[in-house]
Amino acid sequence: MRSITELFDDWAGTYDEEIDDIGGPLTGYRHSIKKAYKNYPEAAGNVLDIGIGTGNFIAEYIKDAKNVYGVDISPKMLEEAKKKFPSIKVETGDFNNIPFESDYFDLITSSFSFHEVSLSKREDALKEVSRLLKQGGTLNLLDIGFNNKSDMDDAKEKYREEWDDSEQYPFEYELRQYAEDAGLTVDKIDYPSALHINLIARKR
């Protein structure tokens with residue numbers, strides 16, 4: 001079985017061309033990114049995108065941020081992000097391995113990456129986010145996710161031909177608990193679509 005890194009390395013060159021037509025749980029990808037940005041459009045100082053991919057979410061913030069950083073498990077995705085946005089500083093990493101000092105970022109963003117973190121490491125992933133944020137700093141996290149199992153089952157039935165049963169998408173109550181345990185206050189939970197969840201949380 002190929003690693004996630006290899007899969008995303010191979011996808012990097014065609015990701016932006018294919019993402020709008022891939023369907024399944026990623027249906028409405030760009031709409032959800034726009035909505036998540038509108039839910040928290042403030043960027044200043046140091047901004048980090050975790051799982052930056054080709055830079056589609058962080059693109060919303062670049063004009064207002066002082067310094068923009070990105071981490072991704074895929075070196076090829078980082079190359080694509082740098083082509084599009086040369087000013088971004090990139091590093092290889094993931095939610096549980098982010099090579100930056102503590103209390104450094106004013107804003108951390110992430111889109112469609114958190115579900116790739118294994119269940120046993122998700123609590124630690126948000127603790128790592130909290131470590132990196134300045135006091136009062138904000139996390140804007142967008143992902144495939146659901147309010148409850150019933151909503152997920154409805155989506156699975158609708159998109160059953162494109163559904164990947166190996167993926168474990170987060171529920172709202174889980175994200176709330178992870179955030180609170182990490183020292184973050186949840187300011188808002190929104191659903192940009194029936195398939196996607198958006199968490200806005202502040203470091204206490």
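In total, 16 salt bridges are counted. The model is predicted, and every value given here is computed from it.

Arg30 forms a salt bridge with Asp20. The closest N and O atoms of this pair are 2.9 Å apart. The bridge links distant parts of the chain. Arg30 belongs to helix α3, whereas Asp20 sits in the loop between α2 (15-18) and α3. The two residues are 10 residues apart. Arg30 is partly exposed, at a relative accessible area of 33%. Asp20 is also partly exposed, with a value of 47%.

Asp106 pairs with Lys134 in a salt bridge. Here the closest N and O atoms lie 3.3 Å apart. This pair, too, links distant parts of the chain. Asp106 is in strand β4 (residues 105-111) and Lys134 is in strand β5, 28 residues apart. Asp106 has a relative accessibility of 25% and counts as partly exposed. Lys134, at 30%, counts as partly exposed as well.

The pair formed by Arg131 and Glu128 lies within a helix, α5 (residues 122-132). The salt bridge brings the closest N and O atoms to 2.9 Å. Because Arg131 and Glu128 are three residues apart in this helix, about one helical turn separates them. Accessibility divides the two partners. Arg131 counts as partly exposed at 28% relative accessibility. Glu128, at 15%, counts as buried, since the limit for burial is under 20%.

The largest nonpolar core holds 36 residues. Within this core, Leu26, Tyr29, Ile58, Tyr61, Phe112, Phe146 and Trp163 touch the most other members. Several elements supply at least two residues each: α3 (29-39), α4 (75-84), β5 (133-144) and α6 (149-158). Helix α3 gives the most, with four residues. Helix α3 also carries Arg30 of the bridge to Asp20. Strand β5, another contributor to the core, holds Lys134 of the bridge to Asp106.

Ile58 was examined in more detail. Neighbours within four places in sequence were left aside. Ile58 is then in contact with Val47, Asp49, Ile52, Val68, Ile88 and Thr109.

Key
Residues numbered from 1 in each chain as written. Predicted model: local features only at pLDDT ≥ 70, side-chain atom pairs only at ≥ 80, totals over all residues. Heavy atoms only, no water. Core = buried A, V, L, I, M, F, W, Y, C linked by side-chain atoms within 4.5 Å. Buried < 20%, exposed > 50% of the residue type's maximum accessible area, 1.4 Å probe, protein only. Contact = heavy atoms within 4.5 Å. Salt bridge = Lys/Arg side-chain N within 4 Å of Asp/Glu carboxyl O.
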